[in-house]
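Keep the 3D view open as you read.

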Amino acid sequence: MSGDILLISLAGVLTAAAPVIFAVIGETISERAGIINLSMNGTILLAAMGSFTVALATKSLILGFLAGALIGGFVAAIVAFASVTLRQSQVAVGFVLAVLCRDLSYFLGNPVMGEAGPRLSSSPIPLAASIPILGPLLFRQDVMTYLSILLIPLAWVFVFRTRPGLVLRGIGEKPSAAYVRGANIGRLRYRYAVIGGAIAGLAGPIYSLSVKAGWKGTISGLDGIGWIVLAVTIFGGWNPVRAAFGAYLFSLLQWLGLVLQPAMPGVPAQVLQVAPFPLMILTLLLVNVGNAEWVERSLARLPEPTRRWLSKLLRAMNATPPAALGTPFEDGE
Amino acid sequence: MLIELRNISKTFDTVQANSGISLVVPPASIQGILGENGAGKSTLMKIFSGFTLPDSGDILLDGERAVIHSPADAIRHGIGMLHQDPLDFPPMRLLDDFLLGREGGLFPDRRGAARAFRELAERFGFVLDPEAWVDSLTVGERQQLEIMRLLWIGSHVLILDEPTTGISLPQKEKLFATLKSLASDGMTILFVSHKLEDVEFLCDSVAILRQGRLVGTAKPPYLTKDLVGMMFGREIAFPERKKSPPGASVLSVNGVSLEGARIRIRGVNIQVRAGEVIGLAGMEGSGQSIFLGACAGLTRPVSGAFCLDERDMTGRSHHDFKREGVAYLPAARLERGLVPGLSLSEHFVLSEKKKGFFIDRRRAKKLSQDRIAAYNIKGEPDSPIESLSGGNQQRMLLALLRDPLSLVLVEHPTRGLDIESTVYIWGKLKERCAGGTSIVFISSDLDEILQYSDRVLVFFAGRVSPPIKAEELSVESLGLLIGGKGWEDFERGEADA
């Protein structure tokens, strides 16, 4: 494979990762506040269909993207309402929404299925685009890919370096402690669930208006990505940078599936298409294996230096979830 | 600030937690709030700090009615509360925890905060590193952090709910010195406790609560007998120290080394005999908890062996230990010992040996009523476990223990409990000892260690002393050992007691 093709392919991986990055960072923000938005799979599909329809009808890409964010925010608001106001299980509501939104998108998307709609074109950055290697890799992308790359440090700085980010971590970790420090837990959880949902909702239009432009109903190839997003959020240890790394890994695996197909004619195409999903889950398991007590027990038999090194590595990879994730908060009446 | 509470009342379900409590606290003083567990002290303080809303009553600050509907309102009025379980963020750095909740712009002034942090720490003589992690601190240090934070956000009223629970003796002395200096600087301090000696030592005035009512106030010099009389409405008899005869070896620990996330302990040797009580003393986080967990099969030793009744149990699971008659009662009662959400009778059903598929509700109810009566638990078979007070939860844990047991491992058996519950719990534990059960327990209360143990293991920074007979120790000598002094004698190879 020549260098140019490799570069273009890797640039394609960056593009393909953009929607996953938006979705995992949105989910990370929501989960940092203590709200699991399990509807992600349905949200992405519904946002993809909805934004495509809007863009088709209005001929406006901007309105299309806006529609995606709105749909994502709206679905997240339902999860927040059930969890914060009704104090019901986020898991049950989120799961039902995941299925409902998916089927809704297939049903409502029928009229626009297969239509040719607007598509986001790439906007090379003048001068930077002609830098060798970096130019074709980074600077001949579309706006959303640039934004996805920018979003990673922005989200990290917000969560770990700003005052509201500190409170955000606080309300997901120990809402009672944040509450006695004057935070309005209910309002903040609503806010971050909706903001996170809106950011994740953008994943939909990035697919239907750019990466996999168009709406093709059940064969759009978007079903399942939302579940991977949830897994990557965990794999990312609720840290935007690590989560983005997971998103890139997933896109790379998907791309490998595509390029390996001609090289391995004996393997059915479906295997390579599906392989990224189990591979992703396997990675996840490996990353979090240090949590298990039996691992500690087995490690105890290894020679001392190896054991210390290994257990240190496992501990560093381990991520602890926000302690209050998924639990409703009740203040003192 | 002059504080006036007028006719504060609060009812939870059917329990009258506070009824018509009125109290005036003058500025620049330390007001003690004394009462046994469940007397309504915490509820009153939670109302004052905006955590809980009262059913009726008024709060006046400097003579003006204050509306306190949320902690945010309380903070605005300069009321800061140090909660019994530190309300901080274990996975954060100290500086982040310190900053969280302080008003300001988008980017916090970390450098300014770090400077304020160091100045406050220096002022009170606290040794805290702003870049360390909160979960690496002891309870006492977390308290120091929280006090500094409350001062930094500008509190002029400080409420402390049972602050001496779970902290070491030197930490307690430091805390008291800090509180005295704050009061002399004009701070109004409300000190909630069930510990007579703390209140007597520290407070300028004491209000005593019993069953949700204010039953009296006292000023120094205090008469302990009067305070106890008001707290309980009667007198409490302390048990005599009894020596138990040495029986057969129940648990033998041979050269065990253990490793936790932050601490390593090595070379522990002890033979625990039937009916014997072993106290594990040391500052929090010195390795006692890991050792106790290893005795229950929860942690696997890096080297060495555990034997139960001569049977080698090294590396076996907690389940196997349990089958051999080992019971483990963790300090976090509600998190690890009991199941929040289940009722008392459901707990009894759970801990029964399985019989049949369906729950025999009538039998379960009968069983729970018997046990509730036998263990003097204040609660109904159908009430949820989390509605019980700390003392009653601990009684519940004891009531759930099966018979017969060879070894009971207890973390902080009486932490946060009042004198009556403490005496009761130990009475029940000693009953077990008389039946041949051995007890190994952790406590940060030196008096408790000396009062109830036959022999003591002292933990200091991962080092473990040989077993010492309790009668050879005094509060002073034990306090020194816990602080890391006087260990040279052991190194010279003093014989195993």
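This is a predicted model: local features need pLDDT of at least 70, side-chain atom pairs count only at pLDDT 80 or more; totals for chains, interfaces and linings use all residues.

H6 of chain A covers residues 143-161 and H7 of chain A covers residues 163-173; their axes come within 5 Å and cross at roughly 70°. Because angles of 65 to 115 degrees count as roughly perpendicular, that is how H6(A) lies to H7(A).

Now zoom out to the whole of chain A. How many helices and strands does chain A have? There are 16 helices and 0 strands. The radius of gyration of chain A is 21 Å, close to the 20 Å that the globule rule gives for 333 residues, so chain A is as compact as a globular protein of that length. Its C-alpha trace spans about 55 × 55 × 40 Å along the principal axes. Of the 333 residues in chain A, 43% are buried. Looking at contacts in chain A with a separation of 6 or more, 78% link residues 24 or more positions apart.

Finally, look inside. The largest nonpolar core has 139 residues, and those with the most contacts inside it are A:Val20, A:Ile21, A:Phe22, A:Ala203 and B:Phe191. Leaving aside residues up to four places away in sequence, B:Phe191 touches B:Ile30, B:Gln31, B:Gly32, B:Ile33, B:Leu160, B:Val199, B:Leu202 and B:Cys203. Apart from this core lies another, of 67 residues, including B:Cys295, B:Leu344, B:Ala399 and B:Cys433.

Conventions:
Residues are numbered from 1 along each chain as its sequence is written. Chains are lettered from A and ligands numbered from 1 in the order in which they are written. Helices (H or I, at least four residues) and strands (E, at least two) are DSSP runs, numbered from the N terminus. The radius of gyration is taken over C-alpha atoms; the globule rule is 2.2 Å times the number of residues to the power 0.38. A residue is buried if 20 or more other C-beta atoms lie within 10 Å of its own, exposed if 12 or fewer, and partly exposed in between; C-beta atoms are placed from the backbone. Two residues are in contact if their C-beta atoms, placed from the backbone, lie within 7 Å. Axes are lines fitted to C-alpha atoms, for helices over the stretch in contact, and angles run from 0 to 180 degrees between N-to-C directions. Angles under 35 degrees count as roughly parallel, over 145 as roughly antiparallel, 65 to 115 as roughly perpendicular and the rest as oblique. A nonpolar core is a set of buried Ala, Val, Leu, Ile, Met, Phe, Trp, Tyr and Cys residues joined through C-beta atoms within 7 Å.
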